[in-house]
Amino acid sequence: MITIGASISIVPGRLGHTIDLLTYNNAAVRRGIDVKPTDPISIQNITKEVNRLRWMSFGVVAVGFVVLYTTLVGIVWRGRKTILNQRRELEDFNAELETRVAARIEEIRETNFRLQSEIQERRQAETELSRINSRLEETLGELQETQRQVVQQARMQAMGEMASGVAHDFNNALAPIVAYTDLLLEIPGVLDKKEQVTTYLETVRTSAQDATNVVKRLREFYRGNESEEVLSTASVNQVVQEAVSLTQPRWKNQALAAGAEINVETELEEVPAVAMNPSELREVLTNLILNAVDAMPNGGTITLRSRLGSHGVEVEVDDTGTGMSEEVLQRCLDPFFTTKGDRGSGLGLSMVFGSVQRGGGTIDIDTEEGSGTKFVIHLPFDTTGDAETEEIGLPAPSRPLHVLTVDDDKLGQQALSELMFALGHTVDLASDGREALEKFQVGAYDVVMTDRAMPNMNGDQLSAAIKERDSGQRVIMMTGFGPIMEGNSEKPSGVDLIISKPITLSGLREALAAVTG
Amino acid sequence: MLKILVADDDSVIRQTVSDIIATNSRYEVVLAADGDEAQRVALLDSPDLIFLDLNLPKIDGWSVCRFLKMSSATDQIKVVILTGLVQGSVRERTLEFGPDAIIEKPFLARQILEIMDQLLVDG
């Protein structure tokens, strides 16, 4: 204890001194030095002091403990507070995080919901669109049908008008015949005047001829395109003359109507045939002439010209009428466009345009307001032979051809072969479609001639198959059915020409020339 | 002499009817080629009878007929319609200011002569 007390060097005063003494004594004893025994009072003092020291040290220790304890408690306390704070902060933070997350989730949910709605809307719109689309298609189909019907109706109406005009003209042509013959036969004295009789009879004859022409006009309209079946070519000048005489009642009447005269002149040169249906060409020219008449309410001149062009024949219808403005010129070929108000169907020129196109030609329009209009139609030459199908015209001599004939009728095929040899051609035979195709793959033929009615593969199918393999191959179809059937039905695609049996030498020659010309 | 007006746009018809009328010396003929001329000649030449085609240019036959029948200057002219248009309505239109007779084309010569005799009996 003393050692411990000695180390507290701050112990003050006497005690300190006593301690030093004791220490010294202790040390001396140890070293064996003699020392004075300390004063008994000192020893009492020392004991007192030591006790006091003892109590002091207890006190210090106690205080120390207290201080330590308080400090520790303080530390712990603060520690706890800090921890509590931190925990609270953490909790707050966590709560905020959760709130934010919840909010974000909510946002996402909303967005998702909106997206879903949008998708739904889009889907609905799509359905609606496709519904509208199919309705539009339907309507388009209906409109096209209606257009076809309207065009048909206009045609019928035009035909009806023509027919009633024809009836009127026919009656007019008959009138002098009926009247004069009645006069000559029933009224006494008339027959005696020879000169008059002659005049009357001449009028009768002319009227009878007029009546015939009227009937011819009628026939043209109901026969339509079917008449010139096999070789669609037109002798231009002939058709021009026909159109002029066809329209004569109109431009002749016009002369008397307004007191104005319409002259129709023709300046026709020698031109070759064109590849166009004669009745179609006639309808075209008739249309143009009548338009010209309408354009000349005060009279004028219509000139029709034909001449050789660079790639074909040019036919002109030239009038001295009112002409067309730029705006009218742009639209005049449009269907349903008319400058004639209710009277006009607007279909005349568009039909003209369609016909000329079908004939492989083009139209030029030269017009000036106040001076007149000129329609120039360019038509390509007809390269397939003679325009006169009734005449026994000899087509250009053809080179020797190598021909494949297909027919299930052996005898008929043999007869055809004889004709071919007579014309200087060589022939391969096939008795049905399959054999024909086999031979066709291997051989090179200028022409394939096939019967129409055959078992297994008929002529139509065979032709289509051949054209699929070689679209340039010339195919002639032979048919035993009457001319009416051929005339009415359309030429099947794949067939360049149809001829009917029995086949004659000249018919065969013409047909071969036509497809290889 | 009774004056007959022949109004038709077809010159052959005009000639035919004239020739028929000419076989009877009682009649003389004047001609017109359109409705306007027909009315003018009717007013100026005062014919006794008119053969009137329906299909006249400028003014059609029906209008000319009405005109003649409505006007006191011309309502005594006999009107005979000549028509090649055989329509049902032709008959119906004989009511008001209508013609005195209708003859359809083609007609016999005798029809022309007889109708004239019939309508112009009183000279």
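The area buried between chain B and chain A is about 1900 Å², and carbon and sulfur atoms give 62% of it. This is a predicted model, in which 23 residues of chain B are in contact with 22 residues of chain A.

**The interface of chain B and chain A**

- The size of an interface is often given as the accessible area lost when the parts come together.
- Between chain B and chain A the count is 1 salt bridge, which Arg110(B) forms with Asp182(A), the closest N and O atoms being 2.7 Å apart.
- On the side of chain B that touches chain A, the elements that give two or more residues are helix H1 (11-22) and helix H5 (109-119) of chain B, and the largest share, 6 residues, comes from H1(B).
- That side of chain B divides into 11 nonpolar, 5 polar and 7 charged residues.
- Across the interface of the two chains, 8 residue pairs are in polar contact, with both residues of each pair at pLDDT 80 or more.

**Chain A as a whole**

- Chain A has 14 helices and 10 strands, and buried residues make up 33% of its 517 residues.
- Of the contacts in chain A between residues at least 6 apart in sequence, 68% join residues that are at least 24 apart.
- The accessible surface of chain A comes to about 32200 Å², and 55% of this surface belongs to carbon and sulfur atoms.

- Helix H12 of chain A spans residues 459-469, and its buried residues are Gly459(A), Leu462(A), Ser463(A), Ala465(A), Ile466(A) and Lys467(A).
- The cover over the buried residues of H12(A) includes strand S6 (402-406), helix H11 (433-442), strand S8 (447-451) and strand S9 (474-479) of chain A.

**Salt bridges within the chains**

- Over all chains, a search of the whole structure finds 25 salt bridges.
- Arg148(A) forms a salt bridge with Glu145(A), where the closest N and O atoms are 3.3 Å apart; both residues lie in helix H3 (residues 40-186) of chain A, 3 residues apart, which is about one turn of the helix.
- An α-helix has 3.6 residues a turn, so residues three or four places apart point the same way.
- Within this pair, Arg148(A) counts as exposed because its relative accessibility is 53%, whereas Glu145(A), at 34% relative accessibility, counts as partly exposed.
- Asp496(A) forms a salt bridge with Arg474(A), the closest N and O atoms being 3.2 Å apart; Asp496(A) lies in the loop between helix H13 (483-488) and strand S10 (497-500) of chain A and Arg474(A) in strand S9 of chain A, so the pair ties together parts that are 22 residues apart in sequence.
- Arg474(A) counts as partly exposed, at 31% relative accessibility.
- In chain B, a salt bridge joins the side chains of Asp34(B) and Lys58(B) (3.8 Å, N to O); Asp34(B) lies in the loop between strand S2 (27-32) and helix H2 (35-45) of chain B, and Lys58(B) in the loop between strand S3 (49-53) and helix H3 (61-70) of chain B, so this pair ties together parts that are 24 residues apart in sequence.
- Asp34(B) counts as buried, because its relative accessibility is 5%.
- A network of salt bridges links Glu267(A), Arg305(A), Arg307(A), Glu314(A), Glu316(A), Asp318(A) and Lys374(A).

Conventions. Residues numbered from 1 in each chain as written. Chains lettered and ligands numbered in written order. Predicted model: local features only at pLDDT ≥ 70, side-chain atom pairs only at ≥ 80, totals over all residues. Heavy atoms only, no water. Helix = DSSP H or I, 4+ residues; strand = E, 2+ residues; numbered from the N terminus. Buried < 20%, exposed > 50% of the residue type's maximum accessible area, 1.4 Å probe, protein only. Contact = heavy atoms within 4.5 Å. Areas by Shrake-Rupley, 256 points an atom, 1.4 Å probe, with all protein chains shown as cover. Buried area = accessible area lost by both parts, 1.4 Å probe. Salt bridge = Lys/Arg side-chain N within 4 Å of Asp/Glu carboxyl O. Polar contact = N/O pair within 3.5 Å; in protein donor to acceptor, adjacent residues only side chain to side chain. Nonpolar A, V, L, I, M, F, W, Y, C, P; charged D, E, K, R; others polar.
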